[in-house]
Number of protein chains: 2
Amino acid sequence: MPISEILTSTTFQMSLLLFVALAGYLISHRINQSAIIGIIVMGIIFGPSLLNWITYTDFVETMAHIGAIVLLFTVGLEFQIKEITKVKYLLIALIGVLVPWGAGYLIAGAFDFDFKAAVFIGTALTATSIAITANVLSEMGKLQTEAAKAIIAAAVIDDILGLMALSVSEGIVSGDISTVSLLITLGKATAFVIIGGLVGQFIFRRLICRLDDSKVCHMYPESVFIYAIMIAFFYAMAAEAVGLSAIVGSFLAGASFAGIKLEKGYIFREGAHHLQIIFGAIFFTSLGVIINLREFSLSLLVFTLVLTVVALLTKLVGCGVTAKLSGYSWKDSVAIGTGMAPRGEVAMIIALIGLSQGLVTQGAYTSVILMSLITTIIVPILLKTLVFKEGRQPSLKKHKIL
Amino acid sequence: MPISEILTSTTFQMSLLLFVALAGYLISHRINQSAIIGIIVMGIIFGPSLLNWITYTDFVETMAHIGAIVLLFTVGLEFQIKEITKVKYLLIALIGVLVPWGAGYLIAGAFDFDFKAAVFIGTALTATSIAITANVLSEMGKLQTEAAKAIIAAAVIDDILGLMALSVSEGIVSGDISTVSLLITLGKATAFVIIGGLVGQFIFRRLICRLDDSKVCHMYPESVFIYAIMIAFFYAMAAEAVGLSAIVGSFLAGASFAGIKLEKGYIFREGAHHLQIIFGAIFFTSLGVIINLREFSLSLLVFTLVLTVVALLTKLVGCGVTAKLSGYSWKDSVAIGTGMAPRGEVAMIIALIGLSQGLVTQGAYTSVILMSLITTIIVPILLKTLVFKEGRQPSLKKHKIL
């Protein structure tokens with residue numbers, strides 16, 4: 001086979017993507033950071049920024065798209081509705097979404113990004129990455145504290161609000177910007193979440209239980225797994241069909257099956273997790289591959305740093321002050337504000353969607369990814385050295401993504 | 001989103017493929033057949049043959065390609081070198097490959113297929129599907145009989161010989177047909193299997209053990225899974241690069257990790273199995289989708305029936321007579337000959353490769369798939385009603401693919 005054909009083959013690209021991801025794991029362990037960080041950094045190194053071994057081909061794009069869908073499906077699987085019922089959690093999350101959204105929009109505007117890009121950059125600042133903070137809290141044995149409960153609950157609500165914010169942003173940039181059309185978009189997103197949630201709970205969740213009870217599942221337990229992944233992609237398609245992002249759908253699909261106890265078809269949860277390991281790794285690799293640091297300018301560097309500071313401060317203020325007003329101590333409020341600050345997969349996916357739709361530039365995309373990486377690296381250090389400084393106790397990890 | 005865009009979206013195609021596969025599971029259970037049969041039948045029904053809901057797009061092709069690679073990787077994982085060391089097993093397998101290959105070639109020639117197509121049709125007759133017979137033997141509690149041991153060992157050797165036959169066929173049809181070039185191809189395939197096997201055993205198998213022992217794996221057990229799948233695609237790429245089929249490579253990669261005992265990274269085996277459930281299901285669905293029975297003629301129907309009879313008889317005679325000559329009783333020899341007759345995933349993959357390279361026609365492809373289906377349906381019936389007729393005992397299933 002000629003070398004040019006090999007380099008564009010499915011098999012070459014798959015093995016190279018996984019090689020880069022594996023290198024990411026090795027480097028993450030070495031620098032004692034989340035695997036996500038190592039994988040993205042390796043994606044940057046092997047991508048056009050440096051070595052140029054791997055580029056963002058249509059194949060990589062398709063695999064990354066599948067990865068994002070599977071990733072949000074597994075996030076949805078961990079969704080606990082009972083964790084988010086308290087009004088104060090909802091308030092912390094809501095203010096913690098609105099403040100960064102507005103501030104991100106204004107800062108981007110100040111840096112001469114156009115309206116659509118500014119809306120998207122603001123949106124990318126909304127969603128907290130629960131994985132990072134939960135890992136830190138768990139390592140420090142702080143998961144049972146009041147502050148930790150608030151962080152986790154608010155971060156879960158954040159996931160939904162972030163997805164809603166994304167839906168609204170897509171509506172804003174796609175059409176006229178009247179109050180009416182804004183309300184229509186918000187209504188559509190809300191309706192999708194409510195109807196999708198209800199259908200998920202009352203039809204697809206019941207069907208998975210029926211399938212699990214059936215003789216089919218006795219003979220073929222894997223049929224439940226196929227069913228679950230089918231629903232994930234079906235919801236992703238439905239979300240796309242009504243003009244929302246595919247990940248809003250797959251998150252809802254996952255949430256429909258959250259906490260379910262199956263007798264024979266329990267493998268679907270492990271199976272989804274295993275799919276997520278491979279396709280999540282490909283997704284995070286691709287995030288680094290899209291970045292081209294060779295085109296990164298000094299002004300973008302300044303923007304990235306400002307954006308990162310804004311990202312940190314808006315969560316610290318938005319969530320922290322709301323927490324204080326809800327009755328938490330100053331110390332707990334600072335912990336909550338800091339703990340909510342890391343941005344992760346959702347911010348990156350939002351940036352990617354903006355880039356793929358031509359709404360944000362390559363440079364703005366890179367700034368958002370770097371902002372996510374920096375917040376993710378800084379917050380654990382802040383939590384360990386400033387917020388909870390009494391010392392650490394080892395504990396089991398919980399809710400780990402990669 | 002406009003309806004035409006939805007119908008070509010990744011999410012729509014993924015959910016539809018999995019829907020068809022799930023329907024295949026339901027029908028398989030209903031008609032008490034292997035899931036593979038139900039899935040392919042559903043692929044035919046939802047494909048261009050009948051409903052035309054789903055077609056063989058580039059996306060489906062890519063996913064099916066990944067499916068075939070993962071499938072043969074998991075087959076390789078079950079490969080036991082110690083099972084195939086007896087000369088009589090090797091002889092049974094070898095004669096059982098050569099006789100159908102030659103007979104298939106001659107019959108296809110008699111039906112006016114050209115040289116290249118005839119070579120491929122012959123090749124598709126070579127490889128036994130171990131899954132079907134092993135399931136039947138297991139259900140009947142006959143797995144520990146001498147005949148069963150011979151069937152399983154010979155079928156395992158068959159996998160390799162079938163892949164070698166495929167490699168040789170690809171060599172034959174790609175170039176001049178001199179004895180020298182034939183020997184070169186055979187030498188290349190043999191060298192690939194030997195070198196790939198040695199490198200796999202002495203480098204990649206050791207590396208997976210080292211990774212499993214390392215602190216990286218302690219922190220991220222999933223890194224072993226990513227490593228294993230990376231090697232699967234790397235081997236698939238290497239096979240393609242030297243002009244062999246990707247599945248030859250992924251089988252070898254799987255065989256490199258067969259029987260390995262890992263401490264923390266054991267999830268790689270489950271993970272590969274879970275990938276295989278989803279992508280295997282997509283692969284078998286796609287096999288049905290490619291078939292277009294609307295273009296199926298009476299002469300092709302006659303050819304299919306003749307090919308099926310030839311497929312059954314050549315294994316019965318080739319393996320059965322060799323077994324008798326190796327010292328088995330007549331009864332055991334008939335059991336061995338019958339048990340070796342089902343053709344499965346390898347035959348189908350070979351047909352698919354022939355079709356995608358334009359070597360066999362749509363009609364010949366369909367004939368091979370239908371031949372595989374019919375042998376798979378008939379052999380369990382023959383085994384249960386004629387060969388082992390003393391009655392059945394329930395037992396645990398072993399080596400199950402779908």
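User: Is Met42(A) buried or exposed, and why?

Analyst: Burial is judged by counting neighbours: a residue is buried if 20 or more other C-beta atoms, placed from the backbone, lie within 10 Å of its own, exposed if 12 or fewer, and partly exposed in between. Met42(A) has 24 other C-beta atoms within 10 Å, so this residue counts as buried. This is a predicted model, where local features need pLDDT of at least 70 and side-chain atom pairs count only at pLDDT 80 or more, while totals for chains, interfaces and linings use all residues. Residues are numbered from 1 along each chain as its sequence is written, and chains are lettered from A and ligands numbered from 1 in the order in which they are written.

User: Where is the place of Met42(A), and with which residues is it in contact?

Analyst: Met42(A) belongs to helix α3 of chain A; helices (H or I, at least four residues) and strands (E, at least two) are DSSP runs, numbered from the N terminus. A contact means that the C-beta atoms of two residues lie within 7 Å. Setting aside neighbours within four places in sequence, Met42(A) contacts Val20(A), Ala23(A), Gly24(A), Ile27(A) and Gly288(A). Its C-alpha atom is also separated by 9.6 Å from that of Phe284(A), 242 residues apart along the chain.

User: How many residues of α3(A) are buried?

Analyst: This helix is mostly covered, with 11 of its 12 residues buried. Among them are Ala35(A), Ile36(A), Gly38(A) and Phe46(A). The buried residues pack against α2 (10-31), α13 (267-290) and α17 (362-387) of chain A. As for length, α3(A) covers residues 35-46 and reaches 16 Å from its first C-alpha to its last, close to the 16 Å expected; the expected span is 1.5 Å times one less than the number of residues.

User: What is the phi of Asn32(A) near?

Analyst: Most residues other than glycine have a negative phi. Asn32(A) has a positive value, near 55°, and lies in the loop between α2 and α3 of chain A. Asn32(A) counts as exposed, because it has 8 C-beta neighbours inside 10 Å. Asn52(A) also has a positive phi, near 60°, and sits in the loop between α3 and α4 (58-77) of chain A. With 12 other C-beta atoms within 10 Å, Asn52(A) is exposed.

User: How many residues does the contact take from chain B and from chain A?

Analyst: Each chain gives 46 residues to the contact. On the side of chain B that touches chain A, the largest share, 13 residues, comes from α11(B). The copies meet through the same surface, because 100% of the interface residues of chain B are also interface residues in chain A.

User: What pLDDT does chain A average?

Analyst: pLDDT is the predictor's confidence in each residue, from 0 to 100. Chain A averages 86, and 93% of the residues score at least 70. Over residues 391-400 of chain A, however, the pLDDT is below 50. Where pLDDT is low, the predicted coordinates should not be read in detail. The model as such scores ipTM 0.86 and pTM 0.86.
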